[in-house]
Amino acid sequence: MNSVFKVSFIPFVAAFLAAAGCAHGDGSQGAVSSSAARAGQLSNVAVSPNDNMNAVLWMQTAAEYRGNSLVIYQSAAGKLSHVIAAKDHTASIEQGEMAGCVPGHPCANAKFKKMPAAIVLDIDETVLDNSAYQARLIRDNAQWDANTWDEWIASREAGAIPGAVDFIRAVKESGAAVVYITNRNCSVRSKNAGADPCPQREDTLENMKALGFPSLSGKDLLLLQNQRPEWGASEKRARREYVAKSYRIAMLIGDDLGDLAPDVKNLPIDGRFDEVNKYRDLYGVYWFQLANPTYGSWMNPFKGKDKRDFLRYD
Ligand SMILES: [Mg+2]
């Protein structure tokens with residue numbers, strides 16, 4: 001092991017562990033010595049090399065990231081009237097399976113034709129920006145941790161992804177339901193009898209309200225991980241199936257392939273590419289994907305391996 005490798009390897013491992021932890025939460029990251037964050041010691045902390053540095057900087061500082069997010073949301077808004085009017089179409093693989101149909105294609109006798117249309121979105125790095133949390137991870141060389149991630153949720157400090165507020169307002173004006181499916185995890189914070197079993201729900205809604213997102217109303221839903229015992233997994237298939245019983249899933253939006261398709265989070269890279277190719281016609285009409293270079297199931301193939309082995313040189 002040469003000295004260069006020694007210097008770079010420790011933060012590499014720390015960053016990898018942080019990313020690995022993400023896969024258990026929502027994908028989101030870990031926290032950070034929140035005490036240091038509160039103390040505002042940003043300027044005095046030495047920053048180690050970290051392989052998440054460019055990704056977080058891109059989200060926070062690149063006009064290109066903002067432009068990319070606006071493309072996604074403004075394109076999605078432009079398709080709203082089309083997908084809402086297409087009553088014999090579903091965006092959901094699960095709903096297609098339940099009806100014996102292919103998503104994005106006509107399904108003549110499906111029950112969902114008479115159901116209210118729903119626009120289904122993920123939350124973290126889809127409508128809420130948690131990059132400040134990521135930045136603190138880099139600063140503190142910290143690893144993802146469920147408790148500190150929950151402290152971040154409780155702080156209600158997340159920002160809005162560019163274009164998201166206007167898009168949700170457009171959905172509300174369209175009359176379709178807004179359905180959020182998030183891997184923010186319901187967990188009680190107090191041992192007191194009768195304590196809120198899911199304070200993360202109100203934290204999320206209040207955080208979004210402060211950013212200008214319309215409040216939930218009518219048939220809108222927010223479905224968290226572990227809100228029901230059968231929703232314990234980060235896999236979202238069960239929650240999309242639940243939604244598909246009462247709504248026609250007209251559009252899906254997320255930053256992770258798992259927000260669009262079931263059972264993809266642990267596929268190898270080729271399998272993930274195959275999934276995208278199989279459903280390529282859905283993209284840009286029924287499916288919209290935000291960019292998230294900082295974490296997500298795209299990193300799962302690297303778990304326990306040296307990422308450099310995945311680089312391609314030709
Ligand atoms: Mg997400």
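Ser174 has its place in helix H8, where helices (H or I, at least four residues) and strands (E, at least two) are DSSP runs numbered from the N terminus. The structure is a predicted model, in which local features need pLDDT of at least 70 and side-chain atom pairs count only at pLDDT 80 or more, while totals for chains, interfaces and linings use all residues. Residues are numbered from 1 along each chain as its sequence is written.

Ser174 is partly exposed because 17 other C-beta atoms lie within 10 Å; a residue is buried if 20 or more other C-beta atoms, placed from the backbone, lie within 10 Å of its own, exposed if 12 or fewer, and partly exposed in between. Leaving aside residues up to four places away in sequence, Ser174 touches Leu80, Ser81 and Ile84, contact being counted when C-beta atoms, placed from the backbone, lie within 7 Å. The C-alpha atom of Ser174 is also separated by 9.9 Å from that of Ala117, 57 residues apart along the chain.

The axes of helix H4 (residues 63–85) and helix H8 (residues 164–174) come within 9 Å and cross at roughly 15°; axes are lines fitted to C-alpha atoms, for helices over the stretch in contact, and angles run from 0 to 180 degrees between N-to-C directions. H4 and H8 are therefore roughly parallel to each other, a term that covers angles under 35 degrees. The contact is made by Tyr73, Ala76, Ala77, Leu80, Ser81 and Ile84 of H4, together with Ala164, Asp166, Phe167, Ala170, Val171 and Ser174 of H8.

H4 also lies across S1, S6 and S7, running at about 175° to S6. These strands belong to an open sheet of five strands in the order S5-S4-S1-S6-S7, with parallel pairing, two strands being paired if DSSP finds at least two bridges between them. The twist averages 20° from one strand to the next. Strand S1 and strand S6 pair in the parallel sense over five bridges, and the bridge partner of Ala117 in S6 is Arg248.

| Strand | Residues |
|---|---|
| S1 | residues 117–121 |
| S6 | residues 248–254 |
| S5 | residues 221–225 |
| S7 | residues 287–289 |

S5 and S7 are the edge strands, each pairing on one side only. Across the protein chain there are eleven helices and seven strands, and buried residues make up 41% of the 314 residues.

Technical notes. Parallel < 35°, antiparallel > 145°, perpendicular 65-115°, else oblique. Contact = placed C-beta atoms within 7 Å.
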